[in-house]
Amino acid sequence: MELRQLRYLVAVIDAQSITRACDALHVVPSAVSHQLKLLEQELHSTLLVRGPLGVQPTATGRLLYGQAQAILRQVADARALVQVEESQVAGAVSVAIAGSIAQALAVPLLAACRERWPAVVLSLHEGLSGHLVEGVHSGRFDMAVLYASQATARLETQAVAREPFFFGCARALTSEGDGKPMPLPELARHLLLLPSLPNATRGALDRAFAPLDTGYQVAGEVNSTTTQVAAVLAGLGASVFPWISLRLLRPRRQLLIRPLDADRMYRDVVLAIKPEAVRSRAAMAVHDLVRELLRGLYGPLRTGL
């Protein structure tokens, strides 16, 4: 017994005519007659008879007519439920974000996702770019915002921005050159408080200083941005901050900030997914939302998204 056979039966009984039923169904009479004949053979019973009032159901046909209406209604209800579900964005989505970017992106992402798709359960993970690459490649994360490296070549990436770095120190130490670009040889004269390796800032410093005759000086390693800023404000050393961190530095008036050589000192921010991965509707929606927020976040740097 097939749904189309039940649909044909109901249409013929309602129309009291195979011809009129075929017009409503947009099928040829021979197809309807053939399917109804197969249905009668399967049930070993006559379902329809021709009479003065047109095609009428037999007693068995009338019983099946009522059941067929109920079945077709249930099928229509099920289809409607699925369509409603498909129109909604729901499910779990995992997003990994590299450290300093997470400070600026995580809360706006949570808020926007909650407002647009309350049925989406967003799982955010912060960490080093190298670890995040493995998580995306293994499928543990649906996507990641991280820094380009040799490891990210394994992923499908979209360029976000080329992010410059800035020198920062307490104004109590010096006010010389405030706001003016700082060449790398001058940076080499300062004692720096930096995150420990592996780290995108340290990687950018290593690449920038590689062709020079001098290196940079590490006075201490601090992996918490909050502690790093507090130590700089306390005059315990200077530091190097990515552009995104300048949005979070408070109070800025106590810091002397100078841009570094952007041609040498930068990091490329990318949005990454696993190549050819099957993504849910929720994951695709959140991916578009992340792109939208990154465009706003990195807009001054002419985002590549």
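Predicted model: local features only at pLDDT ≥ 70, side-chain atom pairs only at ≥ 80, totals over all residues.
The axes of helix 2 (residues 18–25) and helix 3 (residues 29–43) come within 9 Å of each other and cross at roughly 110°.

**Helix 2 against helix 3**

- Angles of 65 to 115 degrees count as roughly perpendicular, and helix 2 and helix 3 are therefore roughly perpendicular to each other.
- On the helix 2 side, the residues that meet the partner are Ile-18, Cys-22 and Leu-25, while helix 3 brings Pro-29, Val-32 and Ser-33.
- Sorted by class, this contact between helix 2 and helix 3 holds five nonpolar residues and one polar residue, with no charged ones.

**Helix 5 against helix 11**

- Helix 5 (residues 99–116) packs with helix 11 at an angle of about 135°, and their axes are 10 Å apart.
- This makes the two helices, helix 5 and helix 11, oblique to each other.
- If you like to check handedness on screen, the crossing of helix 5 and helix 11 is right-handed.
- Helix 5 contributes Ala-104, Leu-105, Pro-108, Leu-109, Ala-112, Cys-113 and Arg-116 to the contact.
- From helix 11 come Val-286, Leu-289, Val-290, Glu-292, Leu-293, Leu-294 and Leu-297.
- By class, the residues of the helix 5 and helix 11 contact divide into 12 nonpolar and two charged, with no polar ones.

- Arg-162 is partly exposed, its relative accessible area being 47%.
- Asp-268 is also partly exposed, with a relative accessible area of 24%.
- Glu-163 and Arg-267 form a salt bridge through their side chains, at 2.9 Å from N to O.
- This pair likewise links distant parts of the chain, with Glu-163 in strand 6 and Arg-267 in strand 11, 104 residues apart.
- Glu-163 and Arg-267 are both buried.

- The side chains of Arg-258 and Glu-186 come together in a salt bridge, 2.8 Å from N to O.
- Arg-258 sits in strand 10 (residues 255–259) and Glu-186 in helix 7 (residues 184–187), so the pair joins parts that are 72 residues apart in sequence.
- Both partners, Arg-258 and Glu-186, are buried.

- Arg-279 is partly exposed, with a relative accessible area of 29%.
- Leaving aside residues up to four places away in sequence, Arg-279 touches Ile-273, Met-284 and His-287.
- The C-alpha atoms of Arg-279 and Val-93 are separated by 9.6 Å, and these two residues are 186 residues apart along the chain.

Key: Residues numbered from 1 in each chain as written. Heavy atoms only, no water. Buried < 20%, exposed > 50% of the residue type's maximum accessible area, 1.4 Å probe, protein only. Salt bridge = Lys/Arg side-chain N within 4 Å of Asp/Glu carboxyl O. Helix = DSSP H or I, 4+ residues; strand = E, 2+ residues; numbered from the N terminus. Axes fitted to C-alpha atoms, helices over the stretch in contact; angles between N-to-C directions. Parallel < 35°, antiparallel > 145°, perpendicular 65-115°, else oblique. Contact = heavy atoms within 4.5 Å. Nonpolar A, V, L, I, M, F, W, Y, C, P; charged D, E, K, R; others polar. Left-handed = near helix turned anticlockwise from the far one by under 90°.
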